[in-house]
Amino acid sequence: MATLFRKIWDRHVVAERSDGTSLLYIDRHLVHEVTSPQAFEALRLAGRKVRRPLSLLAVPDHNVPTSPDRLERIEDPDSRIQIQTLRENAKAAGITLFDIDDIRQGIVHVTGPETGLVLPGITAVCGDSHTSTLGAFGTVAFGIGTSEVEQVLATQTLWQKRPREMRITITGATGFGVSAKDVILSIIAKIGAAGGAGYAIEYAGDGIRRMSMEERMTVCNMTIEAGSRFGITAPDETTFAYLHGRPAAPGSAQWESAVADWKTLPTDAEASFDREVSIDASRLVPQVTWGTSPEDALPVTGAVPDPADQPDPGIRARMERSLRYMDLAPGTRFTDIPVVKVFIGSCTNARIEDLRLAAKVAKGRRVADGVTAMVVPGSGLVKRQAENEGLDRIFLEAGFQWRLPGCSMCLGMNPDKLKPGERCASTSNRNYEGRQGPGGRTHLMSPMMAAAAAVTGRIVDVREVLAA
Amino acid sequence: MIEKFSSLKAVAIPLDRMNVDTDAILPARFLKTIKRTGLGGNLFNAWRFDESGSEVPGFPLNMAAYRKGKILVTGENFGCGSSREHAVWALMDYGIRVVIAPSFSDIFYANGLKNGLLPVRLAAGDVRSLIDLLLASPGGEISVDLRTQTVIGPDGASYAFEIGAFPKECLLKGLDEIAMILEHEEDISGYEREWKKKTPWLFADI
Ligand code: SF4
């Protein structure tokens with residue numbers, strides 16, 4: 001009797017140490033320009049080779065500009081060098097690269113699944129903590145550091161201690177104006193930013209079953225914000241339908257037997273978990289964060305909490321610090337907080353469904369005076385799909401910028417950044433101090449909520465905007 | 001490469017904050033490098049320096065008593081967020097070799113061990129007393145001995161900590177983990193042959 005996670009783990013154990021640590025075989029390895037150069041360099045210095053280039057995909061995403069002129073020139077010399085280094089490393093090792101002029105280029109966690117590289121029952125790694133996104137396919141997928149990137153390049157394996165397991169059961173369907181982002185934000189608020197540390201988290205229940213692959217990726221993506229490296233959910237017909245026909249998925253001759261195998265993966269009825277948590281999605285309202293930790297999410301109908309109500313002195317000090325940084329007073333209603341920037345994008349919320357939801361809110365409305373709002377598709381393929389559906393025109397007519405794919409304003413290392421003191425409604429995943437640029441203030445929320453903030457110029461309950 | 005570590009007695013710096021994320025340890029704009037070196041100058045950049053680049057008085061790293069600190073004592077969930085190993089490189093480049101906290105993010109913990117930065121988990125109450133002692137008498141020293149897995153506070157109180165046998169050995173000897181994995185080359189190739197038969201699509205060109 002085993003869990004989904006355990007079944008996949010056990011299939012990939014190459015060797016074991018007496019302390020129970022496993023040498024895990026890694027099927028897929030994604031690399032981007034920021035966390036890989038030192039790994040390739042160390043490999044070279046040690047005279048070692050990339051063991052299995054075909055297991056890899058390289059894609060620049062973090063510091064590529066999202067403006068149309070990026071093909072002519074990238075202003076920042078350091079970014080240019082990092083992107084060029086990725087190209088050279090990929091070429092030298094024979095690794096497939098989706099370069100910035102390739103329609104398949106995009107945020108690594110968006111682009112990998114689109115090609116069908118990420119499949120049920122496999123292991124996948126990337127030198128990036130949001131690799132947990134890929135667990136949406138029933139995959140043991142996790143973020144690693146650069147030393148581990150080097151190890152996988154050289155050996156196709158990693159020594160790993162098997163984590164404990166937590167099951168989060170999501171019941172019910174989200175209501176009007178509520179989305180997968182609200183589900184995961186409220187899960188993080190419930191278990192805390194370190195609640196998942198040391199665990200792999202399986203999402204189960206009818207709430208996740210009824211979600212699309214895009215929504216499941218949003219949920220698994222932010223597993224790391226709950227402290228866990230691994231988010232996973234069972235593969236099912238939704239998964240198979242998404243994968244069928246994608247370039248790197250099993251072809252027609254192998255499809256049936258692959259699916260038959262994938263159907264054996266879900267957690268057995270009698271399997272047990274180290275911790276069980278449940279959440280009723282049907283009772284959720286749209287969420288928004290007020291502080292500088294992703295666990296600081298509350299219903300938009302509420303107000304900024306008061307540190308004075310917090311008995312624990314450590315937590316109280318952290319809350320006070322957050323409120324100072326965010327320039328917010330306790331008791332302020334969320335809907336009274338103005339924003340000047342709106343960012344719709346990132347590996348959490350830049351897939352086609354996210355853009356469709358945001359476009360529904362933007363349609364026929366105008367970005368409020370004094371607000372700069374940008375939509376950054378997660379990949380070139382998402383961008384093309386959105387343009388085929390006319391979403392770009394909806395955004396442009398409403399006064400949003402429509403940009404080229406990349407990590408963009410999710411983190412302050414490319415030209416899209418907040419200025420000190422600017423307040424942003426963002427669909428990304430981290431509201432840390434300075435995350436979107438030094439001194440920037442981030443409120444995390446769903447694509448619908450961010451679009452609603454853009455058209456009203458303040459944080460607002462999207463349900464009211466849609467009903468008006 | 002792992003830098004060897006066996007024991008250290010040094011000034012300890014109290015950083016009395018929880019959930020210190022890797023964006024705080026090293027902001028993203030300093031990740032635009034293809035090297036591991038030279039990052040220490042920007043360690044905790046946003047907390048250490050103001051907008052004009054001057055040191056923020058009162059931030060522990062800027063206080064005379066802690067200037068020579070090589071041990072950081074801090075709150076729970078240290079190193080959460082991004083997987084950037086640059087956070088570890090920045091700490092080490094600055095001179096920090098040990099971080100003591102009630103808990104670490106899983107990725108930061110692994111990254112630390114792989115470079116020779118020792119992450120030490122102690123009970124929350126013990127970390128609290130260490131921070132209080134260091135705040136009360138700045139410049140106090142802490143001893144950390146990996147061989148015996150003990151920490152000795154500025155007041156002489158001793159605390160035991162846990163660490164896996166394998167990472168401990170790697171740290172003590174400064175072992176090359178890749179070379180050790182490659183001793184399993186036959187296992188890896190054997191596994192690969194069998195797995196390829198079952199899942200040929202994972203081995204095809206994309
Ligand atoms: S979009 Fe943001 S969180 Fe996602 S990979 Fe890029 S920088 Fe990381």
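**Chain B and Lys341(A)**

Visitor: How many positive and negative side chains does chain B have, and how far apart are the centres of the two sets?
Guide: Chain B has 23 positive and 27 negative side chains, with the centres of the two sets 4 Å apart. Lys and Arg count as positive, Asp and Glu as negative, leaving out His and the chain ends, and each charge is placed at NZ of Lys, CZ of Arg, CG of Asp or CD of Glu.

Visitor: What kind of model is this?
Guide: This is a predicted model, where local features need pLDDT of at least 70 and side-chain atom pairs pLDDT 80 or more, while totals for chains, interfaces and linings use all residues. Residues are numbered from 1 along each chain, chains are lettered from A, and side-chain values use heavy atoms, without hydrogens and water.

Visitor: How many helices and strands in chain B?
Guide: Eight helices and seven strands, taken as DSSP runs (H or I, at least four residues; E, at least two) numbered from the N terminus.

Visitor: And what does the C-alpha trace span?
Guide: About 65 × 45 × 25 Å along the principal axes of chain B.

Visitor: Switching to chain A, where is Lys341(A)?
Guide: Lys341(A) sits in strand β15, residues 341-344 of chain A.

Visitor: Why does Lys341(A) count as buried?
Guide: Because its relative accessibility is 10%; buried means under 20% relative accessible area, exposed over 50%, partly exposed in between (1.4 Å probe, protein chains only).

Visitor: Which side chain does Lys341(A) join in a polar contact?
Guide: That of Glu422(A), at 2.8 Å. A polar contact is a pair of N or O atoms within 3.5 Å; within protein, one must be able to donate a hydrogen and the other to accept it, and residues adjacent in sequence count only if both atoms are side-chain atoms.
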